[in-house]
Amino acid sequence: MSRPLVVHISGDFPDAVQPRKTRAIAALVEGTADAFEHRVYSLNRVGRTALPGAIEKVADDGHVASWTYAAPPGGLFLATAMRRVADAILDDIARRGIRVALVQGHKLTIEGLAARRVAEALGVPY
């Protein structure tokens with residue numbers, strides 16, 4: 001029997017863009033690997049002001065997708081950026097044909113904006 005898949009959307013997961021991030025979210029994923037499958041969308045804000053939410057898919061090993069997204073500092077255009085991130089995640093999930101059981105956004109006021117949109121679109125808990 002396969003384990004339920006949890007999609008994590010986090011700006012605090014060590015990844016190909018910033019491997020020295022805190023290990024807190026990585027420890028959560030590793031510590032629950034016996035009960036759940038995990039797919040992490042690890043987000044890295046870059047301070048470009050043009051086209052908030054422009055995404056660069058830097059690396060993806062099938063478990064961790066390391067992405068950058070454009071957003072100016074101070075939360076300006078954050079909702080727009082997170083909407084575009086959410087839509088890119090939904091496209092990736094559809095392209096991979098994966099079945100998601102739960103979406104976890106690790107900072108409610110940042111990644112949570114994208115996580116809520118993803119969960120609602122998929123009809124799964126957030």
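Predicted model: local features only at pLDDT ≥ 70, side-chain atom pairs only at ≥ 80, totals over all residues.
**View 1. The fold from end to end.** Residues are numbered from 1 along each chain as its sequence is written.

**View 2. Overall size.** The C-alpha atoms fill a box of roughly 45 × 30 × 25 Å along the principal axes. With 126 residues, a compact globule would have a radius of gyration near 14 Å, and the protein agrees, at 14 Å (taken over C-alpha atoms; the globule rule is 2.2 Å times the number of residues to the power 0.38).

**View 3. Inside and contacts.** Of the 126 residues, 40% count as buried, meaning under 20% relative accessible area with a 1.4 Å probe, protein chains only. Look at contacts (heavy atoms within 4.5 Å) with a separation of 6 or more: residues 24 or more positions apart account for 62% of them.

View 4. T68 sits in strand β4, which covers residues 64-70. Is T68 buried or exposed? T68 is buried, because its relative accessible area is 6%. Leaving aside residues up to four places away in sequence, T68 touches V17, N44, V46, A54, I55, E56 and V58.

**A note on the values.** Local features need pLDDT of at least 70, side-chain atom pairs count only at pLDDT 80 or more, and totals for chains, interfaces and linings use all residues; side-chain values use heavy atoms, without hydrogens and water.

Notes: Buried < 20%, exposed > 50% of the residue type's maximum accessible area, 1.4 Å probe, protein only. Helix = DSSP H or I, 4+ residues; strand = E, 2+ residues; numbered from the N terminus.
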